[in-house]
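Subject: Structure handover, salt bridges

Hello,

Here is the structure for your files. My notes on its salt bridges follow below it.

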Amino acid sequence: MAVRNEDVESGIRRAAPTMAELADRHELYEESVQNVEEECLFIENTFKQIRGRSAQSFREDFCGTASACCEWVRNGAERTAIGVDLDPEVLSWGRANRLGRLNDEQLQRVRLIQENVLDVETEKVDVVGAFNFSYFIFQQREVMKQYFRAVFDSLKEDGMFFLDAFGGYEAFEEMKEKTKYKKFTYVWEQATYYPVTGEMTCYIHFKFPDGSKMKRAFEYTWRLWTLPEIIEMLSETGFRNPTVYWEGTDEDDEGDGVFSPEAKGEADAGWIAYIVAEK
């Protein structure tokens, strides 16, 4: 039997790497958190329903690995995508592991920009998307409105802004929630929440069958904005008809993945919704 991970020359026996050491945090994140296929399909269908035409140009703010950009251009020969993020590490990973999967023609229709979304200037697009609650990083009302104004200016005359948000009475608790997947367990931790400021700190951890852990793989310090606040700020910055799209439920009272316009919503323990605003 071969000796596992043994340095023959020095005679030092090295422990095999753990599953946590071998895992890629970005791959784990995308498997457990993101669903870019559904996001892009929601954008496509909603834009066409409201505007009567197909959206072609898309800008993904806080794009991270730019998976949504890649999904967007894969699904239409005329589609273009711009990804904006401030983090050079995640953009580099995305170029190698996501853009690297595109063919040459698709690759020509994607552009990644390392810049602050408050300052970036791009050509006007049909759609700007800000998903995974990333815009919650702006904790002051005037800064959030600055961002919304920048998005408004970056849209074509009939452009639309797509966001998501989360809430529910459990969103204000300091708690942990575990979700099991085949090869790992995803742990969402709401570590702190301050009622006076609305500031919260959250972590994503991963646990593996061999007992190893990837602690604080991702860390977020946000303000937990409510839907009325977000809708008011969108209206104050020029957007028309900011509308919440609420997820329906199946026969087991679980989310069915179908989002429809909703004026009131429900007092659920936890919910995720889309917000769509028109220029």
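Arg-223 is buried, its relative accessible area being 18%, and the cut-off for that word is under 20%. Keep in mind that this is a predicted model. The partner of Arg-223 is Glu-229: the two form a salt bridge in which the closest N and O atoms lie 3.1 Å apart.

Arg-141 takes part in two of the contacts I looked at, listed here.

- With Glu-236, the side chain of Arg-141 makes a salt bridge at 2.9 Å, N to O.
- With Glu-232, the side chain of Arg-141 makes a salt bridge at 4.0 Å, N to O. Here too distant parts of the chain are linked: Glu-232 belongs to helix α8 (residues 227–236), Arg-141 to helix α7 (residues 141–154), and they are 91 residues apart.

How accessible are these residues? Arg-141 is partly exposed, at 29% relative accessibility. Glu-232 is partly exposed as well, with a relative accessible area of 41%, and Glu-236 falls in that class at 42%. The class covers values between the 20% limit for buried and the 50% limit for exposed.

For the whole model, the count is 18 salt bridges. The ones described above are among them.

Regards

Conventions
Residues are numbered from 1 along each chain as its sequence is written. This is a predicted model: local features need pLDDT of at least 70, side-chain atom pairs count only at pLDDT 80 or more; totals for chains, interfaces and linings use all residues. Side-chain values use heavy atoms; hydrogens and water are left out. Helices (H or I, at least four residues) and strands (E, at least two) are DSSP runs, numbered from the N terminus. Buried means under 20% relative accessible area, exposed over 50%, partly exposed in between (1.4 Å probe, protein chains only).
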